[in-house]
Amino acid sequence: EDVLFVGRFSEQKNLPLLIDAMTTTDLKLTIVGAGRDELGIREKIKLAGINTKILSSAPNSSMPSLYQQCSIYVICSRYEGNPKALLEAMACGCAVIGTDVIGVRGIIQHGKNGMLVKEDVFSLRSAILNLADDPQLRKRLGKAARESVLRDYSLDSAIEAEWRAYNAMTAKSRNR
């Protein structure tokens, strides 16, 4: 099974953790990203001997098919704000693995719509291999991930939440 990472090559995104976790596996890693740390990342991948494809960028229109080609998506950030690539991967039905950090743990519910792992090589490698070896688990988590994004992050759910907020504010002003 292919593993996908989408993000900047930066300290925050913690890509070296994923590279270390992928060593000793025979899985293919696809990376979409670029950044300041690119030369170091490329050298680390070469030394690790991981089967890796790096795309410096990809047009937005091609991302859904890329997410669907790779059945496992990994976000191994040290912290996140609003991780759009994670939500995109979930919307496309990827089984997702994320580090248990601020900004990720609010989206992934461990064992329900993805897997949360400690920020260490053993935990991440174990989760990747677990998903790679279990097609039923990948399918179940991918389906649940998609459903959770449609339920909690769709345009309809955002409009509904805003509508409730406006109604609550107007009800308070009418009751004064």
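Start by selecting Thr 24, which is exposed, with a relative accessible area of 73%. Here exposed means over 50% relative accessible area, buried means under 20%, and partly exposed falls in between, using a 1.4 Å probe and protein chains only. Thr 24 sits in the loop between α1 and β2 (28–32), and its phi is positive, about 70°, although Thr 24 is not a glycine.

A word on what is on your screen: this is a predicted model, where local features need pLDDT of at least 70, side-chain atom pairs count only at pLDDT 80 or more, and totals for chains, interfaces and linings use all residues. Residues are numbered from 1 along each chain as its sequence is written, and side-chain values use heavy atoms, with hydrogens and water left out.

Next, select Asn 14, in the loop between β1 and α1. Asn 14 also has a positive phi, about 60°, without being a glycine. Is Asn 14 buried or exposed? Asn 14 is buried, because its relative accessible area is 6%.

Now zoom out and colour by secondary structure. The protein chain has 7 helices and 6 strands; helices (H or I, at least four residues) and strands (E, at least two) are DSSP runs, numbered from the N terminus. Their order along the sequence is β-α-β-α-β-α-β-α-β-β-α-α-α. The C-alpha trace spans about 70 × 40 × 30 Å along its principal axes, and buried residues make up 44% of the 176 residues.

Show side chains for Val 3, Leu 18, Val 74, Ile 97, Leu 124 and Ile 128. These have the most contacts inside the largest nonpolar core, which has 30 residues. Such a core is a set of buried Ala, Val, Leu, Ile, Met, Phe, Trp, Tyr and Cys residues joined through side-chain atoms within 4.5 Å. Helix α1 (residues 15–22) gives the largest share of this core, 6 residues. Apart from this core lies another, of 23 residues, among them Leu 66, Tyr 67, Cys 94 and Ile 108. In soluble globular proteins, nonpolar side chains tend to be buried together.

Centre on Val 74. Leaving aside residues up to four places away in sequence, Val 74 touches Val 3, Leu 4, Phe 5, Leu 18, Ile 97, Leu 124 and Ile 128, where contact means heavy atoms within 4.5 Å.

Move on to α4 and pick out Ala 85, Leu 86, Leu 87, Ala 89 and Met 90, which are buried. The buried residues of α4 pack against β1 (2–6), α3, β4 (72–75), β5 (95–99) and α6.

Which residues make the contact? Leu 87, Met 90 and Ala 91 of α4 meet Gly 142, Ala 145, Arg 146, Ser 148 and Val 149 of α6.

For a last stop, select Glu 38, in helix α2 (residues 38–48). Glu 38 counts as buried because its relative accessibility is 18%. Not counting residues up to four places away in sequence, Glu 38 touches Phe 9 and Ser 56.
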